[in-house]
Amino acid sequence: YADFIKHTIIDNPQLTTINISGESMGGAILAAAIAEVVNDDALKYRNLTFNLDIDRTFDNLPNVVDVFLGYGVFKPIFVSVLWMLGLTLDTEQALQKIIQETRNHKVNITITTCSDDGILGDGALTAANLKNTNPKISIELAIINVDHNSARAYDRHGQLQGMDSNFDMK
């Protein structure tokens, strides 16, 4: 995904703004991809603006597995295997990388979460833990007052949604 975004930007030199949204796992993938793209040497002199909308994602994949597997003997083994294999898909870590390493581009990050959602340790936890001292980065937390699962069921256009992402460029 990071290579696709990078090559799309390279192939379209007129681009100045990249709008990307990701919901659930799509938000975690988006954060990981952009963490790789924003500091790529091929884009160093482009002066781009990235607008990221991370919608009801999670802090990292092993924590989600831990929550959804409930109780059982296999749960700690499965979570440990994810960590050992490096399959963490760590949204918070990716966002910290964007904050700490971005030098040439502006990045606007909106993290959306539900007010009642403690299920995934998602947007609210992630945003609260981010330490932003980079003037090129802005972070906004948007809290919606609906149940997590009913909010997840349909997007703004009435389409059934799940783990998705959306890519738009100007």
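Trainee: Is His105 buried or exposed?

Mentor: Start with the cut-offs: buried means under 20% relative accessible area, exposed over 50%, and partly exposed in between (1.4 Å probe, protein chains only). His105 is buried, with a relative accessible area of 0%. One caution: this is a predicted model, where local features need pLDDT of at least 70, side-chain atom pairs need pLDDT 80 or more, and totals for chains, interfaces and linings use all residues. Residues are numbered from 1 along each chain as its sequence is written, and side-chain values use heavy atoms, without hydrogens or water.

Trainee: Where in the chain is His105?

Mentor: His105 sits in the loop between α5 and β3. Such labels are DSSP runs numbered from the N terminus: helices are H or I with at least four residues, strands E with at least two.

Trainee: Which residues is His105 in contact with, beyond its neighbours within four places in sequence?

Mentor: Contact means heavy atoms within 4.5 Å. His105 is in contact with Val38, Leu43, Arg46, Asn47, Leu48, Phe50 and Lys136. Take Leu48 from that list. Leu48 and His105 are 57 residues apart along the chain, yet their C-alpha atoms are separated by 5.0 Å.

Trainee: Which backbone atom of Leu48 does the side chain of His105 reach?

Mentor: The idea here is the polar contact: N or O atoms within 3.5 Å, one able to donate a hydrogen and the other to accept it within protein; residues adjacent in sequence count only if both atoms are side-chain atoms. The His105 side chain reaches the backbone nitrogen of Leu48, at 3.0 Å. Leu43 takes part too: its backbone oxygen lies 3.2 Å from a polar atom of the His105 side chain.

Trainee: Asn47 was also on that contact list. Is Asn47 buried or exposed?

Mentor: Asn47 is exposed, with a relative accessible area of 56%. You will find Asn47 in the loop between α2 and β2 (49–55). Check its backbone as well: phi of Asn47 is near 55°, a positive value in a residue other than glycine.

Trainee: Let me step back. How many helices and strands does the chain have?

Mentor: The chain has 7 helices and 5 strands. Along the sequence, they follow the pattern α-β-α-β-α-α-α-β-α-β-α-β. Of the 170 residues in the chain, 43% are buried. Look at sequence separation next: among contacts with a separation of 6 or more, 82% join residues 24 or more positions apart.

Trainee: Which residues of helix α1 are buried?

Mentor: Helix α1 covers residues 2–11, and Ala2, Ile5, Lys6, Thr8 and Ile9 are buried there. They span an arc of only 160° around the axis, so they lie on the same side of α1. The arc is taken from the directions from the helix axis to the C-beta atoms. Asp3 and Asp11, on the other side of α1, are exposed.

Trainee: At what angle do the axes of α1 and α2 cross?

Mentor: Axes are lines fitted to C-alpha atoms, for helices over the stretch in contact, with angles from 0 to 180 degrees between N-to-C directions. The axis of α1 and that of α2 (residues 25–37) cross at roughly 50° and come within 8 Å. That makes α1 oblique to α2. For the cut-offs, under 35 degrees is roughly parallel, over 145 roughly antiparallel, 65 to 115 roughly perpendicular, and the rest oblique. From α1, Ala2, Ile5, Lys6 and Ile9 make the contact; from α2, Ala33, Ile34, Glu36 and Val37 do.

Trainee: What does Lys6 touch, not counting residues up to four places away in sequence?

Mentor: Lys6 touches Val37, Asp40 and Leu43. Lys6 is buried, with a relative accessible area of 16%.

Trainee: Now α5. What caps its N-terminal end?

Mentor: Asp90 does: one of its side-chain oxygens lies 3.2 Å from the backbone nitrogen of Glu92. Helix α5 covers residues 91–101, and its buried residues are Thr91, Glu92, Ala94, Leu95, Gln96, Ile98 and Ile99.

Trainee: What is the relative accessible area of Ile99?

Mentor: The value for Ile99 is 3%. Beyond its neighbours within four places, Ile99 is in contact with Leu130, Lys131, Asn132, Thr133, Asn134, Ile137 and Ile139. Ser138 is 39 residues from Ile99 in sequence and 9.1 Å away, C-alpha to C-alpha.

Trainee: Last one. Which side chain does a polar contact join to that of Asn108?

Mentor: That of Asn51, at 2.7 Å. Asn108 is in strand β3 (residues 106–114). Leaving aside neighbours within four places, Asn108 is in contact with Thr49, Phe50, Asn51, Leu52 and Ser138.
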